[in-house]
Amino acid sequence: MQPRLKSIAVVQRPAEVILVGRAMELTYLADPDGSVAALLQILAQGAHPVTGLPAAMRERGFTVTEADMAAAVAALDEVGVLLPADTDAGLDPDTLRRYESNLRFYDLFAGLERPGAAFHRAMRDADVLLLGAGGVGSGVLQSLVGLGAGRVRLVDFDVVEEKNLARQFAYNRADVGRAKVDAARDWAVRYSPGTTAVEAVHERVADAATIRRLGAGASVVVSCIDSPSDIQLLVNEACFELGVPFVTGGLQYSTLFYWSVEPGVSPCRLCLELNRADEGATQEFEQSVMMSAEFVNRATGPVAQLLAGFMALETGRYLTRTDPPVAAATYHTFDLTDGMRTTQEPWPRHPGCTLCHPAPGA
Ligand SMILES: [Zn+2]
């Protein structure tokens, strides 16, 4: 295997080299004799196996052993700046052309043990249950197709209405009156034939049993529906039984939010409800609500796209494990007015949660 330096910025200063990695993280390497800089230049070509590095270094005037080079390569891999020179190996030419930018994104997370192609394969093997084909759901679908997800089961009961065209860009005027799932599937076929298989499921989701049935075999569930009112708990319950992570989000007034749950790993949605009940504040507040605004949809196109993007990214983390899910049991909010304030609030496991802490013998 030939290691190659990732396409990153490298800064050379007197007796020091600085690697600019992912998230602009800086790694400082002492380099009093210039040998580190020489090695990085050699590795940028990705033309030598580790056993060939001593000869390449000798050409640049440095005498090193193979053990020195193996240690240096391992250290550089540890800080995440190396990938295999053939990081795309095994992918056919069509795939390389179609998904090139995705593959270069995966390179950021690749290492000598896991080439970029492995992330794409994980996406290609994915089977996503996507609940809802509205503003957020259709946007998530578009992202998943762009990412090359293997299969999406898209569930929705609505038909396309003219007002949807303000933010649901998978549909056009000719789709008005058609079932959203059919129109969305047709969009995927037109957009990227022969890649993501989209299965249209014209069904209303009203209970955990339905989600469990539809979600059998899924790698992840993405919930983009807001009814019935306890939908989050229903998805939570079904996903626990399936042992499948889920991602969800929405818009309340001017605040966009999303979060996810990884059953058995992160605290769950029921934990959040129980935590809130302990605090008492929510219940008291909810019991005092005189008028509800829940049926007003204020989502504009950019809002739906933003939310769909954040949710698709989180879904991608579960599917490819590029990096850990950022929203697992963590409420992410973005207020779209008042200066785009953002918050990230993790919630703890609740000791009384029957899903996270099953009773003995249960
Ligand atoms: Zn729980």
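Where is the place of Leu96, and what does Leu96 touch beyond its neighbors up to four places away in sequence?

Author: Before we start, this is a predicted model, so local features need pLDDT of at least 70 and side-chain atom pairs count only at pLDDT 80 or more, while totals for chains, interfaces and linings use all residues. Numbering starts from 1 along each chain as its sequence is written, and side-chain values use heavy atoms, with hydrogens and water left out.

Your residue, Leu96, sits in helix H4 (helices are DSSP runs of H or I with at least four residues, strands are runs of E with at least two, and both are numbered from the N terminus). With 29% relative accessibility, Leu96 comes out as partly exposed, because that label goes to values between buried (under 20% relative accessible area) and exposed (over 50%), using a 1.4 Å probe and protein chains only. Leaving aside residues up to four places away in sequence, Leu96 touches Asp88, Leu91 and Leu103, where contact means heavy atoms within 4.5 Å. Val136 is 40 residues from Leu96 in sequence, and their C-alpha atoms are 28 Å apart.

Helix H6 runs over residues 116–124, and its buried residues are Gly116, Ala117, Phe119, His120, Ala122 and Met123. The cover over them includes your helix H4 (93–98), along with helix H5 (100–107), helix H7 (135–147) and helix H13 (301–320).

For a sense of distance, Gly137 and Met57 are 80 residues apart along the sequence and 53 Å apart from C-alpha to C-alpha.

Most peptide bonds are trans, and most residues other than glycine have a negative phi. Ser227 and Pro228, though, are joined by a cis peptide bond with omega at about 0°, and Pro228 lies in the loop between S9 and helix H10 (231–242). Tyr253 isn't a glycine, yet its phi is positive, about 55°; it is found in the loop between strand S10 (246–252) and strand S11 (255–261), and at 57% relative accessibility Tyr253 counts as exposed. Ala329 has a positive phi of about 50° without being a glycine. Ala329 is found in the loop between H13 and strand S12 (330–335), but it is buried, with a relative accessible area of 2%.

One more stop, the metal. Cys268, Cys271, Cys353 and Cys356 coordinate the zinc ion through their SG atoms at 2.3 Å (donors are N, O and S atoms within 2.8 Å of the metal, or 3.2 Å for Na, K and Ca). Along the sequence these donor residues are spaced C-x2-C-x81-C-x2-C. Cys268 is buried at 0% relative accessibility, and Cys271 is buried at 0% too.

Zooming out, the protein has 13 helices and 13 strands, and its C-alpha atoms fill a box of roughly 80 × 50 × 50 Å along the principal axes. Of its 362 residues, 47% are buried. Among contacts between residues at least 6 apart in sequence, 63% join residues at least 24 apart.
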